[in-house]
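Please open the structure in your viewer and keep the selection panel at hand.

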Amino acid sequence: MKIAFIGLGNMGGGMAANQVKAGHEVRAFDLSPEALAKAKENGCSTFDTVRDAVEGVDAVVSMLPNGKIVSSVYNADVIGVAPASAILLDCSTIDVATAIAVGEAASAAGYDAVDAPVSGGIAAANAGTLTFMVGGNDEAFARAKPILDAMGKAVIHAGGLGAGQAAKICNNMMLGIHMIGTCEAFAMAEKLGLDPQTFYDIASVSSGQSWSMTSYCPVPGAGPQSPADNGYQPGFAAALMLKDLRLAMEAAETAGVKAEMGERARQIYEAYVEAGNGGMDFSGVINTL
Ligand code: NAD
């Protein structure tokens with residue numbers, strides 16, 4: 001299969017390499033010459049424009065920073081330029097409204113299209129073990145699944161266009177809330193004289209258990225190896241958590257949902273990032289409690 005891959009950054013670089021490993025011809029484009037050079041080393045052919053990269057392809061995969069960029073790339077250089085037989089897969093994390101608008105513009109021009117954001121960070125992108133949550137109709141999902149399988153361990157159909165993004169931000173809103181709750185509990189446990197590993201051993205088999213604790217414990221030396229054991233190097237950067245919480249609060253407002261804990265989590269991560277910690281892992285928020 002011929003696949004155009006647009007956006008070869010921290011996530012897209014590894015994902016494109018996994019398409020090469022799966023035996024596909026990958027036609028790569030990124031604005032960054034460094035990202036393109038790396039893609040070339042990984043076996044992709046590289047192009048000077050999106051329009052060149054999408055010529056004659058069977059699929060277009062994108063992994064871009066935000067909705068504005070996704071919208072401009074698809075509307076200016078993909079829709080009407082890639083063959084109408086190609087399936088379009090945007091894996092970026094963007095707002096639900098833009099995901100639906102781009103998907104509908106693609107559908108109107110005769111394309112199958114899905115929004116397919118991911119859970120899992122750079123390590124999972126490199127290892128091909130991402131989780132994909134997919135929005136689009138049944139036919140588009142059936143076409144997208146084998147392409148996504150080459151980059152992930154789980155590919156789940158969330159519903160129609162935009163449902164992938166909705167699942168992603170609801171999941172990450174929970175994650176942000178859980179992480180802050182886990183940090184508060186560990187900080188309090190310590191002040192109350194509990195040893196962190198002992199508290200971990202108790203809470204990880206009790207009702208306070210969560211992924212934030214058992215897979216990603218924010219305290220150094222307790223639980224499994226995590227960014228806390230590595231000076232809070234990401235991992236999942238606090239700036240990306242803030243991005244996702246902002247998207248979640250935008251969606252809550254549009255949907256008329258009162259998400260008080262999500263809003264508080266947004267405020268806490270905003271303060272953490274504005275204090276210069278955007279590049280730290282999101283579990284580093286424990287150091288402010
Ligand atoms: P990144 O900044 O490392 O990569 C984005 C790439 O897009 C860059 O190489 C940039 O040069 C390129 N780009 C920007 N505008 C472009 C354009 N117009 N045309 C072509 N290329 C363009 O970001 P990332 O960490 O790889 O994240 C990508 C997406 O994945 C984001 O939406 C992010 O929210 C999401 N995400 C990231 C993680 C993570 O842990 N990094 C996890 C889950 C989801």
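Select the ligand first, together with the residues around it. In this predicted model, 23 residues surround the ligand. The closest of them are Asn-10, Met-11, Asp-30, Leu-64 and Lys-243.

Next, display the backbone atoms of Asn-10 and Met-11. A polar backbone atom of Asn-10 is 2.9 Å from an oxygen atom of the ligand. For Met-11, the distance from a polar backbone atom to a ligand oxygen is 2.8 Å.

Now move to Thr-93. One of its backbone N or O atoms lies 3.0 Å from an oxygen atom of the ligand. How much of the ligand's accessible area does the protein cover? On its own the ligand has 830 Å² of accessible area, and the protein covers 84% of it.

Then colour the chain by domain. Residues 2-160 form domain 1, and residues 166-288 form domain 2. The C-alpha centres of domain 1 and domain 2 are 29 Å apart.

Select the interface between the two domains. Here eleven residues of domain 1 are in contact with nine residues of domain 2. About 740 Å² is buried between domain 1 and domain 2, and carbon and sulfur atoms contribute 65% of this area. On the side of domain 1, select Thr-93 again, along with Val-96 and Met-133: these residues lose the most area to domain 2, together 51% of what that side buries.

Finally, inspect the kinds of contact across the interface of domain 1 and domain 2. Which is found there, salt bridges or polar contacts? The rule finds zero salt bridges, but three residue pairs are in polar contact. The side of domain 1 that touches domain 2 comprises seven nonpolar residues, three polar residues and one charged residue.

Note on methods. Residues numbered from 1 in each chain as written. Predicted model: local features only at pLDDT ≥ 70, side-chain atom pairs only at ≥ 80, totals over all residues. Heavy atoms only, no water. Domains from an automatic or database assignment. Contact = heavy atoms within 4.5 Å. Buried area = accessible area lost by both parts, 1.4 Å probe. Salt bridge = Lys/Arg side-chain N within 4 Å of Asp/Glu carboxyl O. Polar contact = N/O pair within 3.5 Å; in protein donor to acceptor, adjacent residues only side chain to side chain. Nonpolar A, V, L, I, M, F, W, Y, C, P; charged D, E, K, R; others polar. Near = heavy atom within 4 Å. Areas by Shrake-Rupley, 256 points an atom, 1.4 Å probe, with all protein chains shown as cover.
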